[in-house]
Amino acid sequence: MPRRPRPGTVTAAAHAPAAQAPGLAAQAPAPAPAPAPALAPELQRVARTEGLLPALRLLLEAHGDTPPFGPTGHTLLPEPAAGPDPVRRHPLPGGAVVLVHDPRAARAGAAVDRTALLRLRLGLVQGLRDACLAHLAGRASGGSTVLMQQLVKGQLAEALGHQLELAALLDATAPPDLTGPALRDLHRQLTDTGRALLRLLGAHGYLADGPGATAHVSELLADVHLPAEEDR
């Protein structure tokens, strides 16, 4: 007669793995979540003071050997970039970035950290405003400088207000959920502010190697990594 286990005794069957149901294949593990950079404010500072390329490198370092790809399988990488052949090259002050496309990477890799991307773009807009102040302060106009014109000062103040608003949002103890329409609206505000600042720079803002090139790639970063149309 088989012996019955004493109460409280754990049998080997309790530790045995459950049998897999016939015909069911083991599911592949889900992609790892995006690693949030530990120093997001540092990312913003680097973008403002050093430019897009150093900030992009810092953002990518947080993802290790697997760069983040957007939902359509695109990403922007500093040149030279390993992996798929570049779709397009974008020259920037200090180097260039390339747009690459790999549909498989969108399913296998982690998405970009959304707060970090906002920090990077905010830093770039802050740097663009700094460039505006320096450029306009050196342009003479009617015995003064363009910077002292009332309309110009008003536009610069408006840009500063948008930047301070977003910075306060990102610095909040409990920031709101940055998804869907709210996330897209924040990126739209950054894009609109950047374009307004470029207009203040006149033709200088649209030179191929000027601030316009950086602003364009900043917009492209948002387009690449924001959720697809059906997920907005």
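**Exercises on salt bridges**

At 41% relative accessibility, R195 is partly exposed, a class lying between buried (under 20% relative accessible area) and exposed (over 50%), computed with a 1.4 Å probe on protein chains only. The model is predicted: local features need pLDDT of at least 70, side-chain atom pairs count only at pLDDT 80 or more, and totals for chains, interfaces and linings use all residues. Residues are numbered from 1 along each chain as its sequence is written, and side-chain values use heavy atoms, with hydrogens and water left out.

**Exercise 1.** Characterise the salt bridge between R195 and E219.

*Solution.* Step 1: a salt bridge requires a side-chain nitrogen of Lys or Arg within 4 Å of a carboxyl oxygen of Asp or Glu. For R195 and E219 the N to O value is 2.8 Å. Step 2: R195 belongs to helix α6 and E219 to helix α7 (residues 211-225), so the pair ties together parts 24 residues apart in sequence; helices are DSSP runs (H or I, at least four residues) numbered from the N terminus. Step 3: E219, at 17% relative accessibility, is buried.

**Exercise 2.** Determine whether R119 is buried or exposed.

*Solution.* Step 1: R119 forms a salt bridge with D171, the closest N and O atoms being 2.7 Å apart. Step 2: R119 has 6% relative accessibility and is buried, whereas D171 is exposed at 52%.

Conventions. Helices (H or I, at least four residues) and strands (E, at least two) are DSSP runs, numbered from the N terminus.
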